[in-house]
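This report describes selected features of one protein model. Please read it with the sequence and the structure in view.

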Amino acid sequence: MNKMGKMSFQMQLTVSLLGCLFVSVAIILVCLMLNIRETERSNQIYIERQDEQWATDLDFMMAAIDKMRFLHLADDEVERIVTEGKNQRQDFKIADEQYMSRLLNVLCTTNSDVLRITVVTSSGDIYGNYVEDSETSVTLAREHLLYGDENSKSRMFVTDVYEGTINLVPYSLLTFQYPLYEVARGESLGTVYIDMNFGAMRERFDALENQDGWSKYILNGNGVIYASDQEFGAAIGAQEQEKIMEFAKTGGGAGRLKINGETYAVHVKYLEALDWCLIQCVKRSSFISGEMRRINLLAFWVILLLCGQIYVGTLLMKRISAPIKTMSLVMSQAATKERKELNYMECREEYPREVQEIAFGYNAMIKRIHENIIREYENELIQKKTELQMLQYQINPHFLYNTLNIMSSIARLHEIPYISDISESLSRIFFYNVKGGQVVSLQDELDNLQNYIRIQRIRFPEKFEVSYEIEPELEKCRILKFLLQPLVENAIDHGIGEKRRKGRIVIRANRTDEEKAEIVIEDNGVGIAKEKLKMLQNMLNEEMETIQEKDKGGIGIRNVQMRIRNYYGSSYGILLESKEGYGTKIRIILPVLKGEE
């Protein structure tokens, strides 16, 4: 609430209207989801009723043909014929065939779905209501057997849907195979093959009521054998069939499938006797009923009305808050630290009287600020001029350079080599300081560093050694003058100087990438204590103004860091690493500059 109170008037109104829009959309979405859930529940109930009706029709059909496995028990003559086999006498043989044909034909007539019944005895005799093609039909049925339980005597076997002819008429057939057993001894008497008219069954399935977006399918072990939507049925592949079987056996009979870019709600009823899955698919998009469309229409008008309110409210608030916003932008400049000319506030006649008075007072304040800024600039110029004069009054390096040369000559004359070496190296250092500008090559800086190291070796004989590992291409790289000497001095005084054994200083220079190079000064001295190291690292990360306040003179690691950042920018500088008792590593990150860059 506090954050909103700090916003502009226009922003507060916009946020409020957007909040109303968001709440309205959320309510509409909740209503829509509740309607979808209710529609899905109603559809689920309807589908379950359809599945029950479908399964009941198939159960009646199965119950009718299932009785035919007991044909030999219901008719003694059939049992005799099946048990004894065909008689050797031709007249008895013909009589048996005619009896079986008439009986099987009557059974086919009583069940409109049954087209042909064929009985094959255990002795190989074949009887059927179409004797002329009985042997062919049995062979064809055996080729299309799909599944069954070999270990069960009473198990029914079912074929896939296949094309066949009966009395030269083509049919889509589905064959059921039942075993015939002698009850007392449990011996096999033969097999009954019942050929069903699957085409007629398909017509009855097509006649069932279908809603828009709904489709029905029958799936067996080989795939889809019936599809009310042929195109969709062809799109049900092996992966989809596997998911459907999972829905049927472990998924509670329902799930979702995505086929051809559409999401379908799938409802499956599994018929164990046939190993069939009765499938009903409903498009998710068809869930949007007339009531949902009305909700969508209402949502559209509500959102449109809220958008109109936001637009009109924004225009109104813009007209009211425009002068205040202009004043706020102008006045905010006075609070910044940027040194640029402050703008006066425009005072228009259409502004309210209170706003005009604020504008007059602000303009008067800006006038006084301008006067103070001019005085501040004048004071800064005076201060800079004074600093330059102080630098000019310092000791002239040329005078020191000439004096040291004289000392070196006198030392050689009197054969005092140490004084000669010290004065000569010191004179070269002063000459290096005098000549050129602030920027030199890395090689020049290393040459000057060797003069300093020469003096320190005289000071600390056999105390340390220095090695260099410089990439040749970096020797001409341009760096600030006197960048390395203060850091090497720290390594000698605070690292190697306090160590009892002989020390070692390694100076390396290498590229880190195309634009940056790294100069490392590493010693094996006494290192830095953790608390002091943390203090030094924090100090190196401070702003330049703070560093100047803490260290107003002297040469040290802070001064080097300040020079690097002042010259190259804040992305370059010194990284300090140390471990007490093991040594210190100073990494200097610099840009790779050559020539006049």
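## The pair α4 and α5

The crossing of α4 and α5 is left-handed (a crossing is left-handed if the near helix is turned anticlockwise from the far one by less than a right angle, and right-handed if clockwise). The contact involves Glu 77, Val 78, Arg 80 and Ile 81 on the α4 side and Asp 96, Tyr 99, Met 100 and Leu 103 on the α5 side, where contact means heavy atoms within 4.5 Å. Of the residues in this contact, five are nonpolar, none is polar and three are charged. In this classification Ala, Val, Leu, Ile, Met, Phe, Trp, Tyr, Cys and Pro count as nonpolar, Asp, Glu, Lys and Arg as charged, and the others, Gly among them, as polar.

Two packed helices are described by the angle between their axes and the distance between the axes. Helix α4 covers residues 76-84 and helix α5 residues 90-110; they pack at an angle of about 130 degrees with their axes 11 Å apart. Axes are lines fitted to C-alpha atoms, for helices over the stretch in contact, and angles run from 0 to 180 degrees between N-to-C directions. The helices α4 and α5 are therefore oblique to each other; angles under 35 degrees count as roughly parallel, over 145 as roughly antiparallel, 65 to 115 as roughly perpendicular and the rest as oblique.

## Basis of the model and overview

The model is predicted: local features need pLDDT of at least 70, side-chain atom pairs count only at pLDDT 80 or more, and totals for chains, interfaces and linings use all residues. Residues are numbered from 1 along each chain as its sequence is written, and side-chain values use heavy atoms, with hydrogens and water left out.

The protein chain has 18 helices and 19 strands; helices (H or I, at least four residues) and strands (E, at least two) are DSSP runs, numbered from the N terminus. Of the 597 residues in the protein chain, 38% are buried. Buried means under 20% relative accessible area, exposed over 50%, and partly exposed in between (1.4 Å probe, protein chains only).

## The pair α14 and α15

The axes of helix α14 (residues 442-459) and helix α15 (residues 485-496) come within 10 Å and cross at roughly 25 degrees. The two helices α14 and α15 are therefore roughly parallel to each other, and their crossing is right-handed. The residues of this contact comprise five nonpolar, two polar and four charged.

## The two sides of α16

Which residues of helix α16 are buried? In this helix, residues 530-540, they are Leu 533, Leu 536, Met 539 and Leu 540. These residues lie on the same side of α16, because they cover an arc of only 125 degrees around the axis, the arc being that of the directions from the helix axis to the C-beta atoms. The face turned away from the buried side of α16 carries the exposed residues Lys 530, Glu 531 and Lys 534.

## Two loops

Ser 122 belongs to the loop between β1 (114-121) and β2 (126-128). With a relative accessible area of 55%, Ser 122 is exposed. Ser 122 and Leu 189 are 67 residues apart in sequence, yet 5.2 Å apart in space, C-alpha to C-alpha.

Most residues other than glycine have a negative phi. Asn 167, in the loop between β5 (162-166) and β6 (169-181), has a positive phi near 55 degrees. Leu 168, also found in the loop between β5 and β6, has a positive phi of about 70 degrees. Asn 167 is partly exposed at 46% relative accessibility, whereas Leu 168 is exposed at 80%.
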